[in-house]
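Me: Please take a close look at one part of this model for me. I would like to see how one chain meets its partner, and what that chain is like as a whole.

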Amino acid sequence: MLQINISFPQVVIILFIAIIAAAALALNSGAADIPVLQSFADIWSGEQSLGATILGQIRIPRLLLAIIVGATLGMAGAAMQGLLRNPLADPGVLGVTSGAAFGAVCVLYFGAAATAWYWLPSAAIIGALLSLVLVYLLAGLHSSMLALILAGVAMSAITGALIAVALNFAPSLYAMQEIVFWLMGSLANRHWDHVSIALPLAIIGWLLMLSRSRFLDALSLGEESTRSLGFNNHRERGILLFGIAIGVGACVAVSGSIGFIGLIVPHLLRPFVGYRPGRLMFASALGGALLLVLADILVRQFDSARELKLGVVTSLLGGPFFLLLILKTRSRWA
Amino acid sequence: MMTTTLSAQQVSFARDGNLILDNADLTLTQGELVGLIGPNGAGKSSLLRIMAGLQQPDSGQIYLSNETHPQKLLNDFSGRERAQVLAYLPQQETPAWPLQVEHLVGLGRAPWHKPMSGKSERDKQAIERALEITELQSLRQRIVTTLSGGELQRTLLARVFAGEPNIILADEPIAALDPYHQLHMMELLAEHAQQGGAVLAALHDLSLAARFCSRLVLLHRGKIVADGQPIEVLTTENLEQVYGISAYVDCRDDGVVIIPRKRVV
């Protein structure tokens, strides 16, 4: 068992520094070549230069969204793994992201999104919550790998069917193409509006999840033990599931479905936090932000008419990783 | 000073139409190590879980009383209040993650944690003490999944001790352990009772039960059929009727020795 002796504050500081470095790199990458420092100065002094506009209206919101979405997905993955006591849990793998995406697609392309800003995140959150509860009912009873995988398969089938329905009734070919692209997940062409939708909800989700750190730690011993330790399992679980749903729903509402962040990051960071589920949530938020900022930089290197979608990159990374994890945990498959 | 007691009164419990517990009365008082014995399926685990507040009985009450709460229904305690007094050690508690020993032991402090604060000085002391009495100090950095069965069970007991409960309910704490670790676990439980705590442990090893317990409670098909000193409970008649075995029972100065001989058909 890999065990790395490093203190929690050290892990946090290293991740923070890495995020800042990645953020600097992210602000420097993009189609246009702008002097970043000069542009910052322009924003500060209120000068309407091209650089200031690109930086202020395009790159900074995009960077912030990468951080918000990455952090939320990372933390949600860690929370789900802790809750299900299973390293294969992830909002994407288990269909929570697609549930949210289905909710979002419904309002996006069938009118309601235009009437008020809150329709989109609400629908995504409801979609996430419904699929999360379903997954929990299917997989939460046993912590076996098999039950979890089967829950994931079932959820994929359900959300796949629902999304197919949405595509089927798409008002036009163009709308259909839009839905497909949107589902792939991307942070391109996002604005401050998106940040202001995602950030407050994501923060609520983070706080709800982090407030249950102790419960997740104790849950390492099993549900009976948490009850005997004085936790109200229903309440604790409810708060966690709600936090995950709000966070994932808010992110999916602005970015589409970006998968596997919640699978990869907690797995990589677990040895650094002594396998403690509570601390893993916070570390995974930082790690998730870092990974998504980096992935978004990578996406922007392929500068072409057809944008490479961020969700495609994370899936390309995550798919093989998932396979590797399944092979690694095979022995626990009873 | 009020003594701490946990008392089950006329507890009945059925599952899927089968009567698991039938009007069971059992009072556990501080200073006692009580062995709950009986054949498989007699209702030992159910009684323990009901007394731990983890399962609601179909009828009957559980009372918990100490200095601050004289004769109060267990259900009227908040989960946290209950957990500060009463701890439960399940039969099989397999940690889901490869935690370090001291972190796992620290989980036992959960009933005392205040929201939004780190580990207090008292938490640290309690964890330290739990590691010390269970002789786990040298293993504190070890990963629990690499421990032997005996070491793991001791770690889980240390987790219980860390919560500083008065009453410990343990479900087969020495099952699947080698004799050395069985003795070690029983010594630790007996010590807890000697220091003013109370322990109720479901046990299968009758000789060890007789040797360490101040009192034995014999369950048979959900009924308590004997309750008293080991020597009064472990009679050849009881063993024959309840366990369906004929056994050799020898009372010696250093305890009772029971050797099962054959099944009685």
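Reply: Start where the chains touch. 24 residues of chain B are in contact with 22 residues of chain A. Two residues are in contact if their C-beta atoms, placed from the backbone, lie within 7 Å. The model is predicted: local features need pLDDT of at least 70, side-chain atom pairs count only at pLDDT 80 or more, and totals for chains, interfaces and linings use all residues. Residues are numbered from 1 along each chain as its sequence is written, while chains are lettered from A and ligands numbered from 1 in the order in which they are written.

On the side of chain B that touches chain A, α2 (79-85) and β6 (86-89) each supply at least two residues. Helices here are DSSP runs (H or I, at least four residues), as are strands (E, at least two), numbered from the N terminus. The largest share, 4 residues, comes from α2(B). By class, this side of chain B has 15 nonpolar, 6 polar and 3 charged residues. Ala, Val, Leu, Ile, Met, Phe, Trp, Tyr, Cys and Pro count as nonpolar; Asp, Glu, Lys and Arg as charged; the others, Gly among them, as polar.

Now the whole of chain B. It has 9 helices and 12 strands. Its radius of gyration is 19 Å, close to the 18 Å that the globule rule gives for 265 residues, so chain B is as compact as a globular protein of that length. The radius is taken over C-alpha atoms, and the rule is 2.2 Å times the number of residues to the power 0.38. Along its principal axes, the C-alpha trace of chain B spans about 60 × 40 × 40 Å.
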